[in-house]
Amino acid sequence: MAPAVPSAASRIAVVTGASSGIGAATARQLAAAGYRVVLTARRKDRIEALAEELTTAGHAATAYQLDVTDRAAVDEFATAFKTIGVLVNNAGGALGADPVATGDPADWRSMYETNVIGTLNVTQALLPKLEASGDGVVVVVSSTAGHGTYEGGAGYVAAKHGAHVLAETLRLEIVGRPVRVIEVAPGLVKTDEFALTRFGGDETKAAKVYEGVAEPLTADDVAETIAWAVTRPSHVNVDLLVLRPRAQASNTKLHREP
């Protein structure tokens with residue numbers, strides 16, 4: 001089945017958390033698919049550099065500094081559009097790996113604010129613009145953590161369960177309207193920053209996450225999957241796509257080479 005070509009009314013794709021990793025890779029994929037990408041993130045220098053890269057390559061890209069947890073800023077951002085075709089809710093992340101008994105409530109709150117409330121803020125603000133396009137797509141980049149638990153991950157797991165339920169409920173609530181809701185749930189993805197951020201910059205702890213795993217997923221693997229799901233014909237909805245490396249059978253079953 002050939003990928004759908006975005007119509008003029010639905011050619012804008014907004015990607016949150018586009019400064020690195022999956023978000024940046026997704027922006028590149030959607031730009032290559034013919035979308036005019038709007039890159040949002042807190043790190044202005046990163047998204048401006050990516051916008052310049054894409055523009056130099058002949059694509060259309062705009063950078064917009066945005067903190068998705070700031071509702072007033074999100075609402076102001078939304079006023080720039082009459083219609084958009086795609087929203088990729090990618091902003092999120094994990095902090096810490098402590099058990100429930102000693103987990104830092106501040107970390108839990110931060111993860112919930114970014115992964116759930118941030119997704120809610122941007123989705124609410126842009127949903128009318130998506131519907132106005134006549135063929136909108138909301139993508140929620142969750143995680144396999146949103147579908148199963150593991151020790152030391154309760155705060156992140158709780159947040160990603162929230163993101164999963166948000167996507168699932170939204171799909172029920174807007175059925176019959178011209179907006180698809182897609183959830184992509186990656187497993188073990190090796191990026192430059194995810195594990196390093198989770199462990200407060202501790203490179204040794206971050207490296208152990210991927211130790212012995214021959215081929216974890218890459219940001220490009222996930223981005224290609226997102227672009228594939230988005231570019232299905234408008235009557236085809238990929239409700240939920242779980243993506244793992246071959247070496248990972250579940251959140252707690254991972255093959256590591258000696």
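1. A pocket, as the word is used here, is an open set of grid points with protein on both sides within 12 Å along at least five of seven lines, and its lining residues have an atom within 4 Å of a point. With that in hand, the second largest pocket is lined by V213, A214, E215, P245, R246, A247, H255 and E257. Please keep in mind as you read on that this is a predicted model.

2. Staying with that pocket for a moment, its volume comes to about 150 Å³. Sorted by class, the lining of the second largest pocket splits into 4 nonpolar, 1 polar and 3 charged residues.

3. The structure holds 1 cavity of 30 Å³ or more, and the volume of the largest cavity is about 70 Å³. Its lining counts 15 residues, of which L95, G96, D98, W108 and M111 are the closest to the centre.

4. On to the packing. The largest nonpolar core has 37 residues, and L30, V37, L39 and I226 are those with the most contacts inside it. Helix α8, spanning residues 219-230, contributes the most to this core, with 7 residues. There is also a second, separate core of 25 residues, with V68, V74, L87 and L126 among them.

5. Leaving aside residues up to four places away in sequence, V37 touches A13, A27, L30, A31, L54, A60, A61 and T62. One of these partners, L30, is itself listed with V37 among the residues with the most contacts inside the largest nonpolar core.

6. Within α3 (residues 71-78), V74, F77 and A78 are buried. Viewed down the helix axis, the buried residues of α3 fall within an arc of 100 degrees, so they line one face of the helix. A72 and E76 lie on the other side of α3 and are exposed.

7. What do the buried residues of α3 pack against? Their partners are the strands β1 (12-15), β2 (36-41) and β3 (61-65), together with helix α4. V74, one of the buried residues of α3, is also a member of the second core.

Terms used: Residues are numbered from 1 along each chain as its sequence is written. This is a predicted model: local features need pLDDT of at least 70, side-chain atom pairs count only at pLDDT 80 or more; totals for chains, interfaces and linings use all residues. Side-chain values use heavy atoms; hydrogens and water are left out. A nonpolar core is a set of buried Ala, Val, Leu, Ile, Met, Phe, Trp, Tyr and Cys residues joined through side-chain atoms within 4.5 Å. Buried means under 20% relative accessible area, exposed over 50%, partly exposed in between (1.4 Å probe, protein chains only). Helices (H or I, at least four residues) and strands (E, at least two) are DSSP runs, numbered from the N terminus. Contact means heavy atoms within 4.5 Å. On a 1 Å grid over the protein atoms alone, a cavity is a set of points where a 1.4 Å probe fits but cannot get out, and a pocket is an open set with protein on both sides within 12 Å along at least five of seven lines; lining residues have an atom within 4 Å of a point. Grid points are joined across faces, edges and corners, and a volume is the space filled by probe spheres set on the points. The arc is that of the directions from the helix axis to the C-beta atoms. Ala, Val, Leu, Ile, Met, Phe, Trp, Tyr, Cys and Pro count as nonpolar, Asp, Glu, Lys and Arg as charged, and the others, Gly among them, as polar.
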